[in-house]
Amino acid sequence: TIILALAGCGHALPQLPNFDAATWRADPYACRNLRRKAVPILVLNKEKLYESRANDVTALLGQPDEEELRAGTEKVYYYYLEPGTQCQPPHARSGAACLSLRFGPLGTVTEVLTDPLTPKAE
């Protein structure tokens, strides 16, 4: 019964208007620099990510570029937003801008942080 109660916590991820999830997922580690265009849409809609379940976030954004396990059952997903040293094997952590999603003990998003990008001429 407890497992069923916990499974019902959180909510399905709502649609993010104008967010191109397929392009985002097709750019692991942001090495192709395709995620940059999606950053303003994510920042605008980041409140919609709160309380979303990990599997819904993964369905939308793909597997995280990095995952960090914290004390207890907390974890953090990292998605790079721009190319950097993480693009070189073995994909070591870099200082490139990233989106981080922290999941609490119930497996839902409790914090969304975006590293703002400095506009670059393209």
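Predicted model: local features only at pLDDT ≥ 70, side-chain atom pairs only at ≥ 80, totals over all residues.
## The disulfide

Let's start with the cysteines. A search of the whole structure turns up one disulfide. Its partners are C31 and C87, whose sulfur atoms lie 2.1 Å apart. The link between C31 and C87 is left-handed, with -110 degrees about the S-S bond. This pair joins distant parts of the chain, 56 residues apart: C31 sits in the loop between α2 (21-25) and α3, while C87 belongs to the loop between β2 (75-80) and β3 (98-103).

How accessible is C31, and what about C98? C31 has a relative accessibility of 32%, so C31 counts as partly exposed. C98, in contrast, has a relative accessible area of 17% and is therefore buried, given that buried means under 20%.

## Helix α3: V39

Next comes helix α3, which covers residues 39-45 and includes V39. Is V39 buried or exposed? V39 is buried, because its relative accessible area is 10%, and the cut-off for buried is under 20%.

## Helix α3: N45

N45 has its place in helix α3 too. With a relative accessible area of 9%, N45 falls under the 20% cut-off and so is buried. Which residues does N45 touch, leaving aside those up to four places away in sequence? The answer is L16 and P17.

Key. Residues numbered from 1 in each chain as written. Heavy atoms only, no water. Helix = DSSP H or I, 4+ residues; strand = E, 2+ residues; numbered from the N terminus. Buried < 20%, exposed > 50% of the residue type's maximum accessible area, 1.4 Å probe, protein only. Disulfide = S-S within 2.5 Å. Contact = heavy atoms within 4.5 Å.
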